[in-house]
Amino acid sequence: MKRLWLLVATGFVGVIVALVYCYFEAAVHHGINLVWADWLDTGAHRWLVVPICLVVSLVFFGLQHYLDSSSEHNESHGLGEAPKPTLTNFAKVLFLGFWSLVAGASLGPEAILVPACMIAGGYIGAKAFKHDGRGVKILGAAGFIALMAAFFHSFIAGMLGLLLIKKQTKAPLNIFTVLVAVVASWATVYILGLLSSPAFVSTPSSGWHFNTHSLLALAILVVAGYAVTYGLGASHGLITRLHQRIAGSQWWLRSLAAAAGLSALYLLGGTLVEFTGNKSIVPMLKQAASLGVAGLLWITVVKIVAISWSKAMGYRGGLIFPTVFVASVLVAIAKLHVPELNFIYGLIAVLVGVFAAERRVKILF
C-alpha cells in the first residue's frame, strides 16, 4: 500500500514539475523579450546592451546579496544544488534564477529548475511521508526525472534521467524505481501536451542516410566537441583568477564588473551569442551560409568565453544547454562542407566528444 501511495505522489510530482517548467520558461522568455526587445530594441540599437546588462545585473546581484547571501560567493553548480525542501527555498531558487537569466547570463535553466523540481518533490515527500526519509529521497529524484522529460518533451529522456541519478547516487535499479521513473515521465509529458508547452530545444529536420563524407564529418565533430570542453575549462580558469581579485569587493562592484564583461562579449558576438542559446539555434542555422566558417568560428569562441564569464562571475544557471548551442554551431560549420550531414547525428557526435572530455575537465556538472 505504501508503494502505491508513493506512485500516486510521484504522479503528482510529475504534474507539479510540468507546471513549474512551463511557467518558469514562459516567464523567462517573456521577461527577456520585454526588457531586451520590446522596451529597448537591442537588436537594432546594440549599444543599449550595456545599460541593460548593468541595470538588471545590479537587480540580480542585489537580490542575491539580500535574499541568499550564503550563495553569492559560490559559482552555480552544473545541475544546481538542492537546499532543504521548503517552500521558501523553492521560491528563492526560481526567483533568483529568473533575474539571472533576464540579466543576460549566458547560462541554461537546468541549474535553476533541477534544484527547484527536486525541492518540490522533496517537499511533497516530507508532507506525505513525514517519518520516511526514503520516500522523501524517491520523490526528490522523481522531480529530477520529470524535469528531464519536460526539457525534451520525451518519455525516453525521463528514463535517461533515471540512469543519471543511478550514476550519481550509485543506487541499484529495481522494478519499483523504474516504475517511479515511468510514472513521473508520463505525467509530465502528458500535462505538457495539455498545456501545449514547446520543448526547450528545437532542431531542424534532415535526412537520415550516411555516406563516407558524413562519417568523416562525424569523426571530426567528436574531436571538436572534445576541444570545446577543454576550451571552456581553460577560459573558465582564466576568468576565475580574474574574479578572485574582486571577490572581496562590495556586491554592487562585483555586479558592475560582471555586467561590463558580459555586455562587451555580447557586443562582440552579436545577438546569436546572447542568453542560453536555445532560441538562437534555428536563426543561426539560417544565417550559417552568410556568416561563413570564419563568422561561425567567431561565434563559437565568443560564446565559450561568455559561458565561462557568466559562470565564473556568479550568475545562476547551467552550462549544458549553452554548450548545446556551441555544438550546433560546430555542426553548422560541418554542414557548410557536407550539406547532407544529419543535424541530430552531428549534434550527438559533438556531445560525445564533450562528455568524453568532461571526465577530465569537470566543468559541466
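Helix α9 buries Trp-251, Arg-254, Ser-255, Ala-258, Ala-259, Gly-261, Leu-262, Ser-263, Leu-265, Tyr-266 and Gly-269, where buried means under 20% relative accessible area, exposed means over 50% and partly exposed covers what lies in between (1.4 Å probe, protein chains only). Helices here are DSSP runs (H or I, at least four residues), numbered from the N terminus. The model is a predicted one, so local features need pLDDT of at least 70 and side-chain atom pairs count only at pLDDT 80 or more, while totals for chains, interfaces and linings use all residues. Residues are numbered from 1 along each chain as its sequence is written, and side-chain values use heavy atoms, with hydrogens and water left out.

Back to α9, then. The buried residues of this helix pack against α1, α2, α8 (212-244) and α10. Helix α9 runs over residues 251-269, 19 residues in total, and reaches 27 Å from its first C-alpha to its last, close to the 27 Å expected at 1.5 Å a residue; the expected span is 1.5 Å times one less than the number of residues. Just past the end of α9, Gly-270 has a positive phi of about 85 degrees.

Buried in α7 are Phe-176, Val-180, Ala-181, Ala-184, Ser-185, Ala-187, Thr-188, Ile-191 and Leu-192. Just after α7 comes Ser-196, with a positive phi of about 55 degrees.

Now for the nonpolar core, meaning a set of buried Ala, Val, Leu, Ile, Met, Phe, Trp, Tyr and Cys residues joined through side-chain atoms within 4.5 Å. The largest one has 107 residues, and Trp-36, Leu-147 and Tyr-315 have the most contacts inside it. Helix α1 supplies the largest share of this core, 14 residues. In soluble globular proteins, nonpolar side chains tend to be buried together. With contact taken as heavy atoms within 4.5 Å, and neighbours within four places in sequence left aside, Trp-36 is in contact with a list of residues including Asp-41, Thr-42, Cys-53, Val-102, Tyr-266 and Phe-275. Cys-53, one of these, is buried at 0% relative accessibility.

Thr-42 sits in the loop between α1 (2-39) and α2 (49-67). Leaving aside neighbours within four places in sequence, Thr-42 is in contact with Trp-36, Leu-48, Val-49 and Ile-52.

On to the aromatic rings. Rings of Phe, Tyr and Trp (its six-membered ring) pair if their centres lie within 6.5 Å, and planes under 30 degrees apart count as stacked, over 60 as edge-to-face and the rest as tilted. The whole structure has 12 aromatic pairs. One of them is the stacked pair of Phe-60 and Tyr-315, at 6.0 Å centre to centre with 15 degrees between the planes. Phe-60 lies in helix α2 and Tyr-315 in the loop between α10 (281-312) and α11 (320-337), so this pair ties together parts that are 255 residues apart in sequence. Phe-60 is buried at 0% relative accessible area, and Tyr-315 is buried at 0% as well.

Trp-186 and Tyr-190 also stack, at 5.2 Å centre to centre and 10 degrees between the planes. These two are 4 residues apart in helix α7 (residues 175-195), so about one helical turn separates them. Trp-186 is exposed at 54%, whereas Tyr-190 is partly exposed at 44%. Elsewhere, Tyr-21, Phe-151, Phe-152 and Phe-321 make up one aromatic cluster.

As for disulfides (a pair of cysteine sulfur atoms within 2.5 Å), the structure holds 0. Cys-22 is in none, and the nearest cysteine sulfur, that of Cys-117, is 12 Å away. Cys-22 is placed in helix α1 and is buried at 11% relative accessibility. Not counting residues up to four places away in sequence, Cys-22 touches Leu-192, Leu-195 and Ser-197.
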